[in-house]
Amino acid sequence: MIQLEQVTKTYPKASRPSLDNVSVSIEKGEFVFFIGPSGSGKSTIIKLLLHEVAPNKGRVVVNGKDVTSMRSWKRPHFRRSIGCVFQDFRLLPNRTAYENVAFALEVIGKTKAVARRVVPEVLELVGLGGKEHRYPHELSGGEQQRVAVARAFVNRPLILLADEPTGNLDPDTSIEIMRLLDRINRTGTTVVMVTHDSNIVNQMRRRVVEIESGRIVRDQARGVYG
Amino acid sequence: MRMKYVLSEVLVGLWRNVTMSIAMIITMAVSLFMLGGGGLLYQKVGDMKDLYYENVEVSIFLKTDVTAEQRTDLDTKLHSDALVKEVTYVDKEEAYKRFQKMYADAPDLVNAVKPDQLPESFRLKLNNPEQYKDIYDQYKDSEGVEEIVDQSKLLDKVFGVLTGVQNFALAIAVWMAIAALLLVANTIQVAAYSKRREVAVMKLVGASNWFIQAPFVLEAVVAGLIGSILSMVAMVALKMVAARGSLAALEGLITPVSWSDIFLTFPLMAGVGGLISAATAWVTLRFYLRV
């Protein structure tokens, strides 16, 4: 599903590479944590998988597509198969929960009729049934992140990327979001999550890839934060 | 649905920044008006040059005491001259007729002049009216020649003024176009900034590039088209004022500007206005949105 083959990424003006000869292979349906201290390069992995940055060396393959050599005009279509959740939610403040999710559908050409059918369903799935018409500022942090998850999942992507999705949430709310991601994972969606939340990693007991100074120092099938 | 979305985004975009939109439209309108006016003038000057130079004559006036021999000599030389297309000899009687016709409004003057007092002349049509100088140099010292007069000298002055006006209009059009261009770029940046969250989400979920850019580009194009319509209205108004009288005197001198001439400049103005706006918006977005 996802392959990084000897990937090196050095940002311009950086003294050392963010990722240094990293190789990881992730199978369909896996749930993988990338952990490590700030600046270890774990967020760069998300950017590589989203085709936001290109590696200097090595190959990145996502969904069987070689992202390394992908032309930028193919990027939009490629991204439709990937859902993405961030620490800061990235919701549109002037749109309701329903409209935020529907927006993501409409801008990729789905009709309003499709949105009317699919959006309530996915909002129900993330546990926001009855709060469809609230604006982000009327929702708690955890609820806002649920909207973001709904938006990421509404297209039924093959892969869900989560960049510190619990970074802005209290421990209890974080656990709820993790349960949600776990449920999404059980539908067959591959989940890749970048985090430094040790609590969560320890509770989930999933595959853990630890990165330090751009190198993989640990790759455990049922790991803890360590 | 998508078309409806894009169009409503365009209107919202123009309205959100309405003062800037108006500035953009006015600048565009003035620029296009100058461009259209300059273009029209260019076309008219071209027409007029064809018309006037076609009929332009070089006149070689002979001395009153010219001998028949000198005259025949000159006649032979002119007929064999490669620069000359046509030679007409105008004798005193013929000159008098022309004089009568030219000054028909002033019978006193006509009565005071006798055919004898008017000089004979050769009227030449040149193959190329601009080679007047060669003719002048060649014949000015010939025996029996009093004076060589070229009508194109006067025309050159008239056309010099018209070309000046035309260049002035085009220069203003260019400067205004630059101002319009910067305003478009600025408007697009403001619009892109105010929609940065939407754009970020659209990029994230994989909206196509054209879909992200279309509302911004169309916003600029709509402004450009409104500008071109305004400049069209200004032209029509000018034509109506001109026909009404204050500028009617000029109509005799300048070949008349017809309605079809004016309406034909509209596609030019709309095209230029729309294209410039679209290109500017697109380039601005490439730098600003990196899509």
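Here is a walk through a predicted model with two chains, A and B. Residues are numbered from 1 along each chain as its sequence is written, and chains are lettered from A, and ligands numbered from 1, in the order in which they are written. Because the model is predicted, local features need pLDDT of at least 70 and side-chain atom pairs count only at pLDDT 80 or more, while totals for chains, interfaces and linings use all residues.

Let's start with the sheet in chain A. It is an open sheet of 4 strands in the order β2-β1-β4-β5, paired antiparallel. Strands here are DSSP E runs of at least two residues, helices are H or I runs of at least four, and both are numbered from the N terminus. Two strands pair if DSSP finds at least two bridges between them. In general, strands of a sheet pair through backbone hydrogen bonds, either parallel or antiparallel. Strands β2 (19–26) and β5 (65–66) of chain A each have a single partner strand, so one side of each has no neighbour in the sheet. Strand β1 (residues 2–9) of chain A joins β2(A) over 5 bridges, and A:Gln3 has A:Ser25 in β2(A) as its bridge partner. Helix α1 (residues 42–49) of chain A packs on this sheet, touching β1, β2 and β4 (57–62) of chain A. Being in contact means that C-beta atoms, placed from the backbone, lie within 7 Å.

Helix α5 (residues 141–153) and helix α6 (residues 171–186) of chain A pack at about 15°, with axes 10 Å apart. Axes are lines fitted to C-alpha atoms, for helices over the stretch in contact, and angles run from 0 to 180 degrees between N-to-C directions. That makes α5(A) roughly parallel to α6(A) (the word covers angles under 35 degrees). Residues in the contact include A:Val149 and A:Phe153 of α5(A), and A:Ile177 and A:Leu180 of α6(A).

Next, where do the chains meet? The contact takes 15 residues from chain B and 16 from chain A. On the chain B side, α1 (2–16), α8 (196–205) and α9 (209–244) each supply at least two residues, and α8(B) gives the largest share, 7 residues.

Among the elements of chain B, α8(B) has the highest mean (92) and helix α10 (residues 248–253) the lowest (59). Where pLDDT is low, the predicted coordinates should not be read in detail.

Technical notes
Parallel < 35°, antiparallel > 145°, perpendicular 65-115°, else oblique. pLDDT = per-residue confidence, 0-100.
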